[in-house]
Amino acid sequence: MKAKFIEEKVMKVVMALTTVLLFFFVGSIIYTIIKEGWPAMSWSMITDLPGGGFYIGKEGGLLNAIVGSLMIVGASTVLGLLVSIPVVFYLNVYLTPKSKLGYASRLAFDVLFGVPSIVYGAFAFTIMIALGLKTSLLGGIIVITLLIIPIFIRSMDEVARTMPRDILAATFSLGATRLQSVRVLVRQILPGIATATLLSIGRAIGDAAAVMFTAGYTDAIPTSLSQPAATLPLAVFFQLSSPIPEVQSRAYAAAFILTVIVLILSIGGRLITNHFSKNRIK
Amino acid sequence: MKLKLITDKSAAGVMFSLTLLSLLLVVVIAAGLIFKSMPILEEHSLWELISSSKWKPARGEFGFLPFIVGTLWVTGIAILWTLPVALLTSIFLTENSKRWVKKAVFPILDILAGLPSVIYGVWGIVVVVPWISDWLAPMFVEFSTGYTLLTGGIVLGIMILPLMVSLFVELFSATPMEMREASLSLGATRWQTTKFVLLRKNFPGILATVILSISRAMGETIAVLMVCGNIVQIPSSPLDGGYPLPALIANNYGEMLSIPMYDSALMFAALILFVVVMVFNIVSRVILRRIENKYI
């Protein structure tokens with residue numbers, strides 16, 4: 001009789017420990033990035049382009065990578081939203097919950113969501129070679145758009161599906177078309193869309209494997225779509241493999257900037273959900 | 001009155017074609033990868049490619065076995081240690097913990113899930129690599145650089161933890177309360193209820209989650225590439241260096257056009273990843289959907 005109570009106590013402690021482990025991992029990762037990255041940070045890191053001899057430890061900053069990342073992610077977010085918002089509405093307003101097409105497309109988006117970014121990168125790279133394109137800002141934007149669409153659709157769809165179908169029935173009964181009902185749906189899922197967008201941007205900005213193939217790397221800020229563009233994750237990756245300590249410390253600085261951006265996006269996403277849910281009918 | 005019906009219909013058309021177009025992506029990626037890997041498949045048999053361990057691209061020898069074994073090792077280690085951790089954590093969150101613990105843990109999971117791969121790589125190099133080379137490895141082998149399969153497995157595990165925990169939590173929260181109450185009313189402790197009711201009842205879901213996590217882990221590129229050594233060999237222990245498939249693609253895309261067949265070989269590697277990930281994803285999603293439909 002007593003054994004089961006001892007087992008209960010022991011397991012409870014073990015479970016609490018594994019949960020604490022999560023906090024330990026997050027703490028250790030963020031502590032490491034701050035400890036290594038903060039000393040390497042300076043204003044010139046975020047305001048200057050790499051100067052001559054930057055990669056042997058001379059002056060300069062990471063502006064090229066920051067701007068490149070923002071350009072790629074900004075453009076793909078806009079393109080991605082243009083495609084995915086209509087798809088989410090189609091799945092949730094135009095199709096009934098039992099629709100076969102709905103089931104099949106959700107499954108397909110799950111699969112696309114699971115496709116590793118390196119595969120997207122390799123695939124996009126071969127397409128670019130076939131079309132005679134060089135690594136460029138455009139290539140980066142295209143591949144990140146492809147990568148981000150399934151993320152957008154899946155996370156928005158999850159929000160849209162929680163909407164009570166009665167709301168739609170109410171609008172239909174007033175004579176609204178399905179397109180007009182979309183306006184009601186928008187009110188319901190707007191905070192969800194905002195959160196989903198921010199979290200997906202966070203994933204897109206941190207992705208290195210896909211842009212490695214397609215966007216290339218450069219010291220300048222691209223002025224046209226056909227020029228290559230640097231990105232933050234690659235700035236970390238390339239500079240960390242350098243044997244020169246000054247260059248390595250810049251990799252940590254880039255990692256620090258990247259982490260700060262991602263954390264802001266993730267915390268911002270949370271705040272939006274909490275703050276803008278007032279229009280929701282529960 | 002008519003105008004609004006026309007706009008409604010045409011919007012339906014536009015939305016339908018956008019949906020179809022994005023779905024086509026699966027087919028297009030598959031077709032593209034198959035098309036590009038045809039040249040190497042014509043020259044060598046499929047079996048030869050995946051069972052040979054000779055990797056000398058310049059001489060036209062492409063054996064993918066070291067890379068496949070490397071991927072299996074890293075993924076295996078990652079799943080092996082994360083599965084119990086994720087299970088126990090999610091049981092704690094759904095069965096035992098107070099509300100505030102949940103409120104504190106979910107943002108942490110968000111952060112873990114949101115951190116870029118390359119950041120995990122940096123953390124792996126700064127923290128895990130020295131830990132293995134200075135502390136763990138000397139207990140078993142003479143010398144280790146710290147860039148090992150085990151390092152890759154540890155880092156990869158942390159990356160898939162948030163996915164696993166959130167799927168498990170979803171699964172356990174959807175299990176009807178009555179099942180637990182029935183067991184508790186017979187005098188079972190909470191842990192006994194967990195063991196005999198919750199885990200048994202959710203076995204298919206747990207399996208599906210594991211499959212999904214495996215497929216996620218297999219494709220991870222940059223973090224693993226940064227910490228696992230990238231040595232072309234068939235590893236014999238977790239403290240050897242290894243060279244998983246995604247790392248192979250990422251490291252060599254630059255040279256792939258200068259050596260004949262090399263680009264085809266790399267696309268074949270991407271195809272292997274794509275096919276495995278796709279099959280695993282479909283299987284696990286279908287199981288998870290079925291469970292979801294049963295309860296809700």
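Chain A has 282 residues, and 55% of them count as buried. As for contacts in chain A with a separation of 6 or more, 73% come from residues 24 or more positions apart.

How far can the prediction for chain A be trusted, in the predictor's own terms? Its mean pLDDT is 86, with 95% of the residues reaching 70 or more. Among the elements of this chain, helix α1 (residues 2-37) of chain A has the highest mean pLDDT, at 92, while helix α2 (residues 43-47) of chain A has the lowest, at 82.

From the N terminus on, the order is α-α-β-β-α-α-α-α-α-α-α-α-α-α. Taken along the principal axes, the C-alpha atoms of chain B fill a box of roughly 75 × 70 × 35 Å. Of its 296 residues, 55% count as buried. Contacts in chain B between residues at least 6 apart in sequence join residues at least 24 apart in 73% of cases.

Helix α3 of chain B turns up in two packing arrangements. Two packed helices are described by the angle between their axes and the distance between the axes. One partner is helix α9 (residues 203-219) of chain B, which packs with helix α3 (residues 65-96) of chain B at an angle of about 140°, the axes being 10 Å apart. Because of that angle, α3(B) counts as oblique to α9(B). The crossing of α3(B) past α9(B) is right-handed. On the α3(B) side, the residues in contact are B:Thr71, B:Thr75, B:Ile79, B:Leu83 and B:Leu87. They meet B:Ile206, B:Val210, B:Ser213, B:Ile214, B:Ala217 and B:Met218 in α9(B). Sorted by class, this contact has eight nonpolar residues, three polar and no charged.

The other partner is helix α6 (residues 149-174) of chain B. Here α3(B) packs at an angle of about 35°, with the two axes 6 Å apart. The crossing of α3(B) and α6(B) is right-handed. By class, 24 nonpolar, ten polar and one charged residues make up the contact.

Helix α11 (residues 245-252) of chain B is mostly covered, with seven of its eight residues buried. The buried ones are B:Leu245, B:Pro246, B:Ala247, B:Leu248, B:Ile249, B:Ala250 and B:Asn252.

B:Ser52 sits in the loop between α2 (46-51) and β1 (55-56) of chain B. Its relative accessible area is 22%, so B:Ser52 is partly exposed, given that buried means under 20%. Leaving aside residues up to four places away in sequence, B:Ser52 touches B:Gly63, B:Phe64, B:Leu65 and B:Pro66. One of these, B:Phe64, lies twelve residues from B:Ser52 along the chain, and 6.4 Å separates their C-alpha atoms.

How values were computed
Residues are numbered from 1 along each chain as its sequence is written. Chains are lettered from A and ligands numbered from 1 in the order in which they are written. This is a predicted model: local features need pLDDT of at least 70, side-chain atom pairs count only at pLDDT 80 or more; totals for chains, interfaces and linings use all residues. Side-chain values use heavy atoms; hydrogens and water are left out. Axes are lines fitted to C-alpha atoms, for helices over the stretch in contact, and angles run from 0 to 180 degrees between N-to-C directions. Helices (H or I, at least four residues) and strands (E, at least two) are DSSP runs, numbered from the N terminus. Angles under 35 degrees count as roughly parallel, over 145 as roughly antiparallel, 65 to 115 as roughly perpendicular and the rest as oblique. A crossing is left-handed if the near helix is turned anticlockwise from the far one by less than a right angle, and right-handed if clockwise. Contact means heavy atoms within 4.5 Å. Ala, Val, Leu, Ile, Met, Phe, Trp, Tyr, Cys and Pro count as nonpolar, Asp, Glu, Lys and Arg as charged, and the others, Gly among them, as polar. Buried means under 20% relative accessible area, exposed over 50%, partly exposed in between (1.4 Å probe, protein chains only). pLDDT is the predictor's confidence in each residue, from 0 to 100.
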